[in-house]
Each structure stands twice: as structure tokens, then as C-alpha cells.
Amino acid sequence: MDRISLEGLEFFAYHGYYDEEQKIGNKYAVDLIVYANLDEAASEDKLAKTVNYETLYSVVLGEIQKSARLLEHIAQRIVDATFDQIPEVEKIEVSVSKFNPPVGGMCNRAKVTLIRDRN
């Protein structure tokens with residue numbers, strides 16, 4: 001199985017367990033790896049034979065803009081939307097990070113990663 005990655009996508013969004021986090025917002029990062037058969041794209045050099053990066057980005061953007069309490073929930077929504085909108089994707093790995101999370105001390109990022117196969 002082949003893979004396509006989008007790494008270091010950054011967004012400002014309104015997520016968080018605490019109400020205040022949802023009001024003031026924060027910076028988030030997403031790393032996405034999708035697995036698909038890319039044989040035809042590799043041999044034919046046609047965009048229609050691969051998973052389009054712009055489509056992947058659009059899926060992530062659509063889900064990151066919807067408020068959520070947990071990083072896990074955001075990641076699962078990205079997984080579900082990717083499988084719904086891009087039938088070629090057979091497996092996905094998505095990481096969602098929150099910069100400077102409220103943990104009571106110094107922490108650059110909190111990060112959650114989900115790995116899911118299409119059922």
C-alpha cells in the first residue's frame with residue numbers, strides 16, 4: 001500500500017475541554033497520512049488517478065473549523081470525513097496537536113494520533 005502525507009498543517013481554531021479555551025481559541029496542527037493504491041497515478045501521471053492534496057486539505061479544514069472539546073474527537077471527524085469523501089483511501093493516520101495546552105506547566109504541544117482502516 002502506498003501513502004500520501006500532508007504534514008504540519010496549522011490552523012487557529014476554537015477547541016478545548018474548558019469553555020474559556022473555546023472562546024479565546026488556540027493554534028492547532030494536523031499531520032495526515034493516507035494509504036491508497038497509487039500504481040495508476042505513478043504510471044499514468046494523471047491527477048484523477050491519485051488522492052488530490054487539495055481535497056485532503058479541504059477535508060481537514062472543514063473539520064478543524066467545527067468546535068470540539070477533545071483532540072480525539074477532531075481526529076475521528078477527520079478520519080470519518082476522509083473515508084466518506086475519498087473512496088480510494090484504504091487506511092488513515094491522523095495526528096492533531098494543540099499548542100501550549102493548559103497542563104499547569106511548560107508543554108509545547110499535546111498530540112493525539114488515530115490510525116484507522118476502512119471497514
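This is a predicted model: local features need pLDDT of at least 70, side-chain atom pairs count only at pLDDT 80 or more; totals for chains, interfaces and linings use all residues.

Visitor: Are K98 and E21 buried or exposed?

Guide: Both K98 and E21 are buried, a word used for residues under 20% relative accessible area.

Visitor: Which residue forms a salt bridge with R69, and where do the two partners lie?

Guide: The partner of R69 is D19, and the closest N and O atoms of the two are 2.9 Å apart. D19 belongs to helix α1 (residues 19-24), while R69 is in the loop between α3 and α4, so that the pair links parts of the chain 50 residues apart. D19 counts as partly exposed because its relative accessibility is 48%, and R69 is also partly exposed, with a relative accessible area of 39%.

Visitor: Which strands does the salt bridge between K27 and E10 link?

Guide: The side chains of K27 and E10 meet at 3.4 Å, N to O. K27 sits in strand β2 (residues 26-36) and E10 in strand β1 (residues 2-13), 17 residues apart. K27 counts as partly exposed at 33% relative accessibility, and E10 counts as partly exposed at 46%. Salt bridges can also be joined to one another, and here E63, K66 and R77 are linked in a network of them.

Visitor: How should I read a pocket, and which residues lie nearest the centre of the largest pocket?

Guide: A careful reader asks about the space, then about the lining. The largest pocket holds about 180 Å³ of space, and among its 13 lining residues Y17, R69, L70, L71 and K98 lie nearest its centre. Both α4 and β4 (109-117) supply at least two residues each to this lining, which divides into nine nonpolar residues, no polar ones and four charged ones.

Visitor: Which residues make the nonpolar surface patch?

Guide: Y17, Y18 and L70 make this patch of about 360 Å². L70 is found in the loop between α3 (53-64) and α4 (71-85), and it counts as partly exposed because its relative accessibility is 43%.

Visitor: Why does T82 count as buried?

Guide: T82, which is found in helix α4, is buried because its relative accessible area is 0%.

Visitor: What is the general idea when reading phi angles?

Guide: Most residues other than glycine have a negative phi. In this model, D45 has a phi near 60°, a positive value in a residue other than glycine, and N100 has a positive phi near 50°. D45 is placed in the loop between α2 (39-44) and α3, whereas N100 lies in the loop between β3 and β4.

Visitor: Are D45 and N100 buried or exposed?

Guide: D45 is exposed, with a relative accessible area of 72%, and N100 counts as exposed at 53% relative accessibility.

Terms used. Residues are numbered from 1 along each chain as its sequence is written. Side-chain values use heavy atoms; hydrogens and water are left out. Patches are made of residues with over 30% relative accessible area and no salt bridge: like charges are joined within 9 Å, nonpolar side chains (Val, Leu, Ile, Met, Phe, Trp, Tyr) within 5 Å. Accessible areas come from the Shrake-Rupley method with a 1.4 Å probe; for residues, only the protein chains shown count as cover. A salt bridge is a side-chain nitrogen of Lys or Arg within 4 Å of a carboxyl oxygen of Asp or Glu. Helices (H or I, at least four residues) and strands (E, at least two) are DSSP runs, numbered from the N terminus. Buried means under 20% relative accessible area, exposed over 50%, partly exposed in between (1.4 Å probe, protein chains only). On a 1 Å grid over the protein atoms alone, a cavity is a set of points where a 1.4 Å probe fits but cannot get out, and a pocket is an open set with protein on both sides within 12 Å along at least five of seven lines; lining residues have an atom within 4 Å of a point. Grid points are joined across faces, edges and corners, and a volume is the space filled by probe spheres set on the points. Ala, Val, Leu, Ile, Met, Phe, Trp, Tyr, Cys and Pro count as nonpolar, Asp, Glu, Lys and Arg as charged, and the others, Gly among them, as polar.
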